[in-house]
Amino acid sequence: LFPYTTLFRSGAATVVTGMVAGWWPLVLAGGILVGAVAIAHSVSLGAQMRGGLPARFAPLVRFYVAAGLSLVVGVTLGVIMAQASIPASVHDRLFPAHIGFNLLGWVGFTVVGTFILLWPTVLGTRASDTANGTARSALMLLCGGMLIYGLFCLTALRAGVAAAVVVYAAGLVLVLVEAFAQARR
């Protein structure tokens, strides 16, 4: 974990330095480093899921892999936006997609996945038999909503963006319904 953390922080600091200095090649270099770390981390987690991690962690790992891949997309969009030469209309379409993939994808998937795994622990109980199925369904809805959101942001079709948010919210609702059912038991 240490090399990932150090490389990620170095990449993020490089991006910030490049943004403050107004030097896009530095933003690009930092973005590549952050994206590479996210890809390496996602691949590493995927490999561990197939091999050594206990089955009870599988739903969480899937969420973390999806979060890492969302970060790659978000960083890519951010690096493109940092170019001074892109038209304002393109920047305006990239910005909500960039925020969405970073906030709803990278952070959101991580939080929801962690919640699914830790909620039964907080309750002092075992995960229900339906928890894994719910986690898979929720992840599919969250990822689908995120992808639809990104595509419709890039095409500037607001009705599609709203529909994507509904799909994403449906994934959250599945998780919350399962959480309330576990709390009742």
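**Figure 1. Ser70, a buried residue in helix α3.** In this predicted model, Ser70 has a relative accessibility of 6%, so Ser70 counts as buried, the cut-off being under 20%. Ser70 sits in helix α3. Who are the residues that Ser70 touches, if we skip those up to four places away in sequence? They are Phe101, Gly105, Trp106 and Phe109.

**Figure 2. The whole chain, before we zoom in again.** Let's step back for a moment. The chain has six helices and zero strands, and reading along the sequence gives the pattern α-α-α-α-α-α. Picture a box of roughly 55 × 45 × 25 Å along the principal axes: that is what the C-alpha atoms fill. Out of 185 residues in the chain, 36% are buried. Now take the contacts with a separation of 6 or more: residues 24 or more positions apart make up 71% of them.

**Figure 3. Helix α2 packs against helix α3.** Here we have helix α2, residues 24-50, and helix α3, residues 58-81. Their axes come within 9 Å and cross at roughly 165°. Angles over 145 degrees count as roughly antiparallel, so that is the label α2 and α3 get. The crossing of α2 and α3 is also left-handed. On the α2 side, the residues making the contact include Trp24, Val27, Leu28, Gly31, Val34 and Gly35, along with Ala38, Ile39 and Met49. On the α3 side, look for residues including Ala58, Val61, Arg62, Tyr64, Val65 and Gly68, plus Leu69 and Val72. What classes do the residues of this α2 with α3 contact fall into? There are 17 nonpolar, five polar and one charged.

**Figure 4. Helix α4 runs alongside helix α6.** Next come helix α4, residues 88-123, and helix α6, residues 158-184. Their axes are 10 Å apart, and the packing angle is about 10°. Parallel or antiparallel, then, for α4 and α6? Angles under 35 degrees count as roughly parallel, so α4 and α6 are roughly parallel to each other. From α4, the contact uses Leu104, Gly108, Phe109, Val112, Phe115, Ile116, Trp119, Pro120 and Leu123. These meet Tyr168, Leu172, Val175, Ala179, Gln182 and Ala183 of α6. Sorted by class, the contact of α4 with α6 has 13 nonpolar and two polar residues, with no charged ones.

**Figure 5. Ala156, a loop residue with a positive phi.** Ala156 lies in the loop between α5, residues 131-155, and α6. Zoom in on the backbone here: Ala156 isn't a glycine, yet its phi is positive, about 60°. Relative accessibility for Ala156 is 48%, so Ala156 counts as partly exposed.

**Figure 6. Val177, an exposed residue in helix α6.** Val177 belongs to helix α6. Buried or exposed? Its relative accessible area is 53%, so Val177 is exposed, the cut-off being over 50%. Now find Val72, which is one of the α3 residues in the contact with α2. Val177 and Val72 are 105 residues apart along the chain, and their C-alpha atoms are separated by 30 Å.

Conventions
Residues are numbered from 1 along each chain as its sequence is written. This is a predicted model: local features need pLDDT of at least 70, side-chain atom pairs count only at pLDDT 80 or more; totals for chains, interfaces and linings use all residues. Side-chain values use heavy atoms; hydrogens and water are left out. Helices (H or I, at least four residues) and strands (E, at least two) are DSSP runs, numbered from the N terminus. Buried means under 20% relative accessible area, exposed over 50%, partly exposed in between (1.4 Å probe, protein chains only). Contact means heavy atoms within 4.5 Å. Axes are lines fitted to C-alpha atoms, for helices over the stretch in contact, and angles run from 0 to 180 degrees between N-to-C directions. Angles under 35 degrees count as roughly parallel, over 145 as roughly antiparallel, 65 to 115 as roughly perpendicular and the rest as oblique. A crossing is left-handed if the near helix is turned anticlockwise from the far one by less than a right angle, and right-handed if clockwise. Ala, Val, Leu, Ile, Met, Phe, Trp, Tyr, Cys and Pro count as nonpolar, Asp, Glu, Lys and Arg as charged, and the others, Gly among them, as polar.
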